[in-house]
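Dear colleague,

Please find the structure below, handed over for your use. My notes on it follow directly after.

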Amino acid sequence: MSTLERIGTIREAINEALHEEMQRDPTVILMGEDVGLAGGVFKVTDGLLKAFGPERVFDTPIAEAGIVGLAVGAAMTGLRPIAEIMFCDFTTLASDQIVNQAAKLPYMTAGQTKVPMVVRTAMGAGRRAAAQHSQSLQAWYCHIPGLKVVMPSTPADAKGLLISAIRDDSPVVFMEDKMMYNQKGPIPNGDYTIPLGKVRVHREGRHAVVICTSSMLYPTLEAAETLSKAGIEVMVIDPRTLSPLDTEPLIQAAKEMGHVLIVDEGYRSFGVTAEIAARIQEDAFDYLDEPVRRLGALDVPVPFAPSLEDLTIPNAAQIVELVKEMLA
Amino acid sequence: MAHEIVMPQLSLSMDKGQIVNWLKQTGDKIHTGDILLEVESDKATVEVESVESGILQIVMGPADGEIPVGSVIAYALAEAEAPVVVSSTVLPSTKTVVDSEPVQITPSSGGNSQQLRRLPSSPAARRKAAELQIDWQQATGTGRDGRIKERDVLRFAQELVESASLKIASSDSIQLTPVAKRIADNFGLDNASLAKLIPGKTKIEGDDVEAAIRKLVGERQALSSPLASLAPIRPAALAAPRHEAMGAVRKRIAERMMQSARTYAPVTLTTEIDASELVCLREALKSDPHVTAAPSYNVLITKMVAKALCEYPVLNASLEGGEVVYWPTVNIGLAVDTQRGLVVPVVRDVAVKSVNELTREMEDLLSRAAQGEATGDELTGGTFTITNLGVQDIDAFTPIINPPECAVLGVGRLRKRMAVVNDQPAVRTMLVLSLTFDHRLVDGAPAARFLQRVKELLEKPYLWSL
């Protein structure tokens with residue numbers, strides 16, 4: 001593992017991880033709508049067709065159930081397929097393959113078959129893409145035992161977690177925030193892995209902890225900076241993997257800070273924030289000085305009108321306000 | 001119907017109380033646990049909780065002066081129930097001047113948050129208060145809606161510490177670890193105060209400071225707590241010792257126990273037995289459709305003791321004058337706890353009776369004895385006694401021999417425990433037997449052999465058929 005690194009975007013980090021893993025392991029294949037000739041609708045798979053040829057990188061019809069079904073079958077026969085579903089909103093079409101096939105088959109065959117597959121998909125609002133192209137459905141897949149759910153928020157995490165996801169023998173749903181593809185940061189060179197199920201602490205604090213996922217990291221860091229100027233030091237933790245969830249450091253942080261805010265771009269009701277809040281109150285109840293606060297997308301279909309869309313997604317100002325309210 | 005709310009007895013010596021004020025008004029909806037009023041007794045002023053729910057109708061107040069304990073001071077009425085017409089006759093009070101007009105009930109306009117039993121508080125605040133051993137309810141809440149937060153508890157603790165006025169001449173001879181220094185600074189304790197609080201230590205650690213703070217706040221709080229002056233709890237609500245003549249049963253018990261203790265040479269042997277098979281046997285009998293009344297453990301043990309006594313007649317004997325009298329029948333007394341004291345009904349000729357017969361006979365005899373209805377004949381003539389304290393969770397004890405018998409067997413509780421069976425740990429139901437015998441009549445070894453035989457019979461019920 002190399003310690004050298006360069007500065008690049010999350011798009012570049014994912015592209016690099018795909019190149020390196022396909023180079024390293026001939027069983028890794030890639031499929032999806034426009035992933036080949038076009039290099040992906042978000043240009044994430046650029047250059048892979050040229051590098052590895054149509055045997056390993058191929059464009060599929062617009063048929064999500066077919067794409068993932070193909071990947072499940074390929075995975076069962078010993079390959080390590082990576083299926084791209086352009087928007088996570090469309091994984092609903094493939095959810096039988098993901099939920100009832102990929103997640104279940106290793107158990108229903110008593111471990112005789114594995115499904116080492118990655119479903120890469122883009123989530124998140126902000127692109128003025130309306131209700132059917134803007135959702136964050138991570139909670140759907142977190143609800144299913146047998147699936148791992150990963151949400152990177154930095155270029156380094158994107159590379160390290162994707163390589164681990166490809167090498168993992170379980171089916172992994174790998175969710176990429178479509179607004180963060182241009183987010184820059186260090187990308188470690190070479191064979192860089194991050195174990196699935198480990199949090200990352202982005203900022204140490206003294207007064208409150210904000211637990212944030214994927215797209216919510218940057219508004220949270222911005223809020224932490226604002227709060228710091230007001231003398232409030234906020235700890236910032238990104239779980240990075242939602243399932244399995246690295247609960248222990250979250251409990252520990254809750255115990256130390258006593259004030260907890262959880263931010264996730266999925267819908268607030270029955271979502272990721274609710275699950276994390278429940279685990280915290282179960283194990284850190286006696287240390288909480290305030291009820292656990294949650295921020296998520298408003299419980300409405302994401303509006304097409306930009307002015308309305310912005311209102312439905314958590315932002316830095318709301319995080320500042322809620323932290324201040326807790327500490328008041 | 002209306003429930004009476006009476007002047008409570010708040011301390012052992014209280015016989016009258018003065019109502020300081022009512023915190024609820026006539027017509028208010030009250031619930032079990034609500035604080036209704038404050039009462040001043042001879043010791044302290046105490047908040048009184050409701051043990052009823054309903055609509056409050058107050059009949060006595062601060063103007064009524066000292067009110068005897070037990071007097072009706074209010075009623076809890078059912079919804080839409082007419083108020084109780086209060087006349088002087090319903091009040092066993094020294095005051096008789098009570099308005100005989102029915103009380104007007106006006107609907108209340110809802111609860112008052114100040115009277116909520118639980119103040120809004122955070123779990124962290126309550127935990128910190130428990131750590132510091134202070135009453136968080138006395139802290140002033142500064143959170144939203146007056147919620148008591150952890151910082152409020154810390155501030156309150158700090159106030160308690162500061163009010164202890166510890167300032168004495170400076171002491172530079174002590175050393176603080178960084179942790180100790182931080183905690184001390186948080187509580188505004190200087191080196192001099194610490195030297196006084198933690199005497200005899202020159203190197204002070206965090207734990208020392210925390211312990212000192214706990215002690216300090218504990219003391220300060222005790223002084224300010226309204227409960228501090230309440231009398232401690234005593235075994236009986238008595239202002240002075242009470243003298244009472246001994247009942248006939250108690251007298252007889254005392255005489256026989258003294259006789260036993262004075263004349264006998266008692267030795268107690270204990271042994272633990274594995275009663276798992278016995279339990280299996282009883283459970284099997286209980287579930288067998290052919291068995292109408294399954295025998296109790298008392299019956300099974302009595303029967304087996306009788307069998308062993310037939311084999312060891314010296315335990316079924318008495319010392320009379322210079323002679324040993326071996327009894328021709330085994331009559332087993334069973335110690336029964338009654339309201340009036342211990343009685344020992346006797347089951348006659350146990351050895352020749354079947355388990356079925358014993359079940360019927362003992363059930364009848366023991367239940368009558370427990371109610372004090374056993375006849376004099378039924379309470380005499382025993383040759384051996386069994387006493388069972390298993391219900392009270394006793395394992396081993398030293399029972400006293402019931403004269404003129406030679407021995408008594410104490411039965412402990414049946415209890416699942418880890419036991420070693422074939423060099424392996426196993427969960428078994430164990431039971432301790434305690435045999436007290438008269439060493440004048442029997443030596444240790446034969447008594448031990450008898451107990452061993454009882455153990456064997458109870459551990460291996462299949463031996464019974466032999």
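In β7(A), A:F174 is the bridge partner of A:R120. Six bridges join β5(A) to β7 (residues 172-177) of chain A, and the two run parallel; strands count as paired if DSSP finds at least two bridges between them. Helices (H or I, at least four residues) and strands (E, at least two) are DSSP runs, numbered from the N terminus.

This is a predicted model, in which local features need pLDDT of at least 70, side-chain atom pairs count only at pLDDT 80 or more, and totals for chains, interfaces and linings use all residues. Residues are numbered from 1 along each chain as its sequence is written, chains are lettered from A and ligands numbered from 1 in the order in which they are written, and side-chain values use heavy atoms, with hydrogens and water left out.

The sheet in chain A is open and has seven strands in the order β3-β2-β4-β5-β7-β6-β12, with mixed pairing. Because β3 (57-59) and β12 (241-243) of chain A each have a single partner strand, they stand at the edges, and one side of each is left without a neighbour in the sheet.

Helix α3 (residues 64-76) of chain A lies across β2, β3, β4 and β5 of chain A, running at about 165 degrees to β4(A); axes are lines fitted to C-alpha atoms, for helices over the stretch in contact (heavy atoms within 4.5 Å), and angles run from 0 to 180 degrees between N-to-C directions. Its buried residues (under 20% relative accessible area, 1.4 Å probe, protein chains only) are A:E64, A:I67, A:V68, A:A71, A:V72, A:A74 and A:A75. Seen down the axis of α3(A), these residues fall within an arc of 165 degrees, taken from the directions from the axis to the C-beta atoms, so they line one face of the helix. Just after α3(A), A:G78 takes a positive phi of about 115 degrees.

Over all chains, the structure holds five aromatic pairs, that is, rings of Phe, Tyr and Trp (its six-membered ring) with centres within 6.5 Å; planes under 30 degrees apart count as stacked, over 60 as edge-to-face and the rest as tilted. The rings of A:F42 and A:Y181 have centres 5.3 Å apart and planes at 35 degrees, so this pair is tilted. A:F42 is buried at 8% relative accessible area, and A:Y181 is buried at 3%. In chain B, B:Y312 and B:F450 form an edge-to-face pair, 6.1 Å centre to centre with 70 degrees between the planes.

Yours sincerely

How values were computed
Buried means under 20% relative accessible area, exposed over 50%, partly exposed in between (1.4 Å probe, protein chains only).
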